[in-house]
Amino acid sequence: METSPRTALVAGASGLVGGALLDTLLEDARYREVHSLGRRPLPRPHPKLVQHTVDFTRLDPQALPAAQDAFCALGTTLKKAGSQAAFRAVDHDYVLAFAHAARRAGAQRFVLVSALGANARSRIFYNRVKGEAEDALRAVGFESLIIVQPSLLLGAREEPRPAEQVMGAVSRVLAPLLRPLAARPIEGRTVARALVALAWRDAPGTRVVPSGELHALGA
């Protein structure tokens, strides 16, 4: 297993899981540099952090530094996107653009935050797009492709989502009853810790990690 310090690329660090992931990587001594890609700078000064303001529709691979690990937490909602086409652009097209750029920058490991229920053959649009993105990533050529499928995410977001807040409150109350189920809710910071733990396992090939396993990995 590789033990020397690594460089990480992160897309989607402004979101719930992405923000927690950025904190986790910056605190981890095994990473010498963390490069965050986003449409706007984050108010997050740190000596290890390098921020890149990018347009994911015209992402230049040559503008990225050499890196070993790439983490993708890009994602939106249908309501925020405004249309199915706009949603697909973020959750499929931007994800693939980042993956191809990261691979050209030398990344051997790619870790994707997908969603529980992702399936390219699903009748549900959200799940179908997530599944199509997962399938497309398999052809990019990473030595290790890790796809995590968290359930309902708990934690404070920059932009409140009332429906998720209600579901999260109910889920916390019902958590003891849901413990045996893979669909029980999970904290964003727990997912973030699991992402880093999985990246350092260095397992070749593709691994899909269901939400139930993330609780233990991110504990």
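Predicted model: local features only at pLDDT ≥ 70, side-chain atom pairs only at ≥ 80, totals over all residues.
Residues are numbered from 1 along each chain as its sequence is written, local features are reported only at a pLDDT of at least 70 and side-chain atom pairs only at pLDDT 80 or more, and totals for chains, interfaces and linings use all residues. Side-chain values rest on heavy atoms, with hydrogens and water left out.

The chain has an average pLDDT (the predictor's confidence in each residue, from 0 to 100) of 89, and 86% of the residues score at least 70. Over residues 163–174 the pLDDT falls below 50, and this stretch has 13 contacts (heavy atoms within 4.5 Å) in the model beyond near neighbours in sequence.

An open sheet is formed by 7 strands in the order β3-β2-β1-β4-β5-β6-β9, with parallel pairing; strands (E, at least two residues) and helices (H or I, at least four) are DSSP runs numbered from the N terminus, and two strands pair if DSSP finds at least two bridges between them. Because β3 (49–53) and β9 (205–210) stand at the edges with a single partner strand each, one side of each is left without a neighbour in the sheet. From one strand to the next the twist averages 15°. Strands β5 (residues 109–113) and β6 (residues 144–149) pair in the parallel sense over 5 bridges, and L145 in β6 is the bridge partner of F110.

Helix α3 (residues 84–104) packs on the sheet, where it touches β1 (6–11), β2 (31–38), β4 (69–72) and β5, and its direction makes about 175° with that of β4. Helix α4 (residues 125–137) also packs on the sheet, touching β5 and β6, and makes about 175° with the direction of β5. These angles run from 0 to 180 degrees between N-to-C directions, with axes fitted to C-alpha atoms, for helices over the stretch in contact.

Aromatic pairs (Phe, Tyr and Trp rings, the six-membered one for Trp, with centres within 6.5 Å; stacked under 30 degrees between planes, edge-to-face over 60, otherwise tilted) number 7. Y31 and F71 form an edge-to-face pair, at 6.5 Å centre to centre and 70° between the planes; Y31 lies in strand β2 and F71 in strand β4, so the pair ties together parts 40 residues apart in sequence. Both Y31 and F71 are buried (under 20% relative accessible area, with a 1.4 Å probe and protein chains only). F87 and F125 form a tilted pair, 5.7 Å centre to centre with 55° between the planes.

Methods:
Buried < 20%, exposed > 50% of the residue type's maximum accessible area, 1.4 Å probe, protein only.
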